[in-house]
Number of protein chains: 2
Amino acid sequence: MRAMSPPVGLPVLAESDLVRQVARRLTDAIVQGQLAPGAKVAEAAVARELGISRAPVREAARLLESQGLLKASPRRGFFVRELSAQDVDELYDLRLCVERHAAVEAARRLTPALRAALRRQLDLMRELARRDDPATIVEADYQFHRLICEAAGNARMLRLFDGLASELRIVIGLIGRLYDDPREIARTHEPVLAAIEAGHPERIVAHVDHHLGVARREVVRLVRSLTPTPRETRRQIP
Amino acid sequence: MRAMSPPVGLPVLAESDLVRQVARRLTDAIVQGQLAPGAKVAEAAVARELGISRAPVREAARLLESQGLLKASPRRGFFVRELSAQDVDELYDLRLCVERHAAVEAARRLTPALRAALRRQLDLMRELARRDDPATIVEADYQFHRLICEAAGNARMLRLFDGLASELRIVIGLIGRLYDDPREIARTHEPVLAAIEAGHPERIVAHVDHHLGVARREVVRLVRSLTPTPRETRRQIP
DNA sequence: TAGGCGTCGATTGTCGACACTTTCAGCTTG
DNA sequence: CAAGCTGAAAGTGTCGACAATCGACGCCTA
């Protein structure tokens, strides 16, 4: 036989891993709003549509369940997670914990390359804001925050951030337009980057807190607007 | 319509959810050290042993994979996660983020009941330390921290904490004895509780930082002692 | 007419089967 | 004697099937 797989390791095509592919498809469908919160994810239907059997679909659903994107209801199936205002609050509390640390750590490790990447991302947001392209702005916003988390050099923290962002996009993806004035996004990010560049921990924390606080209020408002009346039970007055 | 089903509805009978049960069994086996890091988890063997088919085992393994307890190696199966010193560092960074927030929040919401529970837990640790019962001390330690996270009132944060604790117990469970002097555990927890009772945010953060810093060093030392030589590749000198 | 009950279709939970890979022991070879 | 090759055994990835269960529809009963 040949001398071991030549280290050409290039296009590992067709990973036979259907589970990952299904998980990715479902995730995309959810964060892009094609699958609305509360929607049922019938495994048979998904399997038919993808031309595969139900087993990989079930396993993928389990993955997404433990990521919080789906909710398993025994004997009834999987449903797209519905987020309440409290869920959003919880998610932002976690983001605060994570991003405070990530931003401080990113500042400590700030390299010219990272700094350039962050500034580029901020410019991109400004540009998109000028064009008023709400969907891609949300994406650019996400990438900015992700860069910071990546720079902190903690793989688990990055995965956690990705998970939190995915969950949040369950609701954010529904509309795409988050801020009334898109340019506000760039405005609230600017001081964060400035603080990171200055390398002043307390200031970094303060600005991250402020920025996420603004974002949290926006998303909570969005969620509240999506659940018209928080009525408990439809009850008619006799 | 009537006042709905009379409030009798109580004894929720066990859902026949094999996946949950398998996941729990595997988790227990891992954190209790019956399945050592790096050990292969052969689905066929597990299924045989439990007298069920492979499908539920696979789904349970997926759950544990996304929790970080198992690692999936395509076409080769699932393996118990191996933790490096850097993994431990990452986990403790995350714990720091979470527990700082949780402790401050717990102090803000401190009730007499919670305070009593925490103090009771601390007393328990002291008692166990006197008896020199390393295994249960680790468990009591975990419960103390968990109480604080629970008190913060963020379900996701609690789940995150549980996940982090599980991962850490992959290595901690191996030995059971973490501190050279068990009584040191109670000693390093005491100021944390005192700070929470005092309700002084900065002091809380400082003491949580210190306590987790000590614990981190202990666990890193433990991990280092478990991986005798961090050799990269076994290579013979020609 | 409103509410309860039984039946039917659809879906889930679980199983056994099959093809393809990986692993490993034994044999061959330089 | 070590290293490489060969074949079989074991294990994974995926599939289709079957029983149990859930939800809905329609019928029966006060």
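**Figure 1. Contact between chain A and chain B in the predicted model.** About 2800 Å² is buried between chain A and chain B, and carbon and sulfur atoms give 45% of this area. The contact takes 31 residues from chain A and 31 residues from chain B. On the chain A side, A:Glu59, A:Arg62 and A:Arg156 supply 26% of the area buried against chain B, more than any other three residues.

**Figure 2. Crossing of helices α4 and α9 of chain B.** Two packed helices are described by the angle between their axes and the distance between the axes. Here the axes of α4 (residues 85-108) and α9 (residues 201-226) of chain B come within 9 Å and cross at roughly 155 degrees. Angles over 145 degrees count as roughly antiparallel, and α4(B) and α9(B) are therefore roughly antiparallel to each other. Their crossing is right-handed.

**Figure 3. Residues in the contact of α4(B) with α9(B).** Residues of α4(B) in the contact include B:Ala85, B:Val88, B:Tyr92, B:Leu96 and B:Arg100. Among those from α9(B) are B:Pro201, B:Ile204, B:Val208, B:Leu212 and B:Arg216. The residues of this contact divide into 16 nonpolar, eight charged and no polar.

**Figure 4. Open sheet of three strands in chain B.** The strand order is β1-β3-β2, with antiparallel pairing. Strands β1 (40-41) and β2 (70-73) of chain B each have a single partner strand and stand at the edges, so one side of each is left without a neighbour in the sheet.

**Figure 5. Pairing of β1(B) with β3(B).** Strand β1(B) pairs with β3 (residues 77-80) of chain B in the antiparallel sense, over two bridges. The bridge partner of B:Lys40 in β3(B) is B:Phe79.

Methods: Residues numbered from 1 in each chain as written. Chains lettered and ligands numbered in written order. Predicted model: local features only at pLDDT ≥ 70, side-chain atom pairs only at ≥ 80, totals over all residues. Heavy atoms only, no water. Axes fitted to C-alpha atoms, helices over the stretch in contact; angles between N-to-C directions. Helix = DSSP H or I, 4+ residues; strand = E, 2+ residues; numbered from the N terminus. Parallel < 35°, antiparallel > 145°, perpendicular 65-115°, else oblique. Left-handed = near helix turned anticlockwise from the far one by under 90°. Contact = heavy atoms within 4.5 Å. Nonpolar A, V, L, I, M, F, W, Y, C, P; charged D, E, K, R; others polar. Pairing = 2+ DSSP bridges. Buried area = accessible area lost by both parts, 1.4 Å probe.
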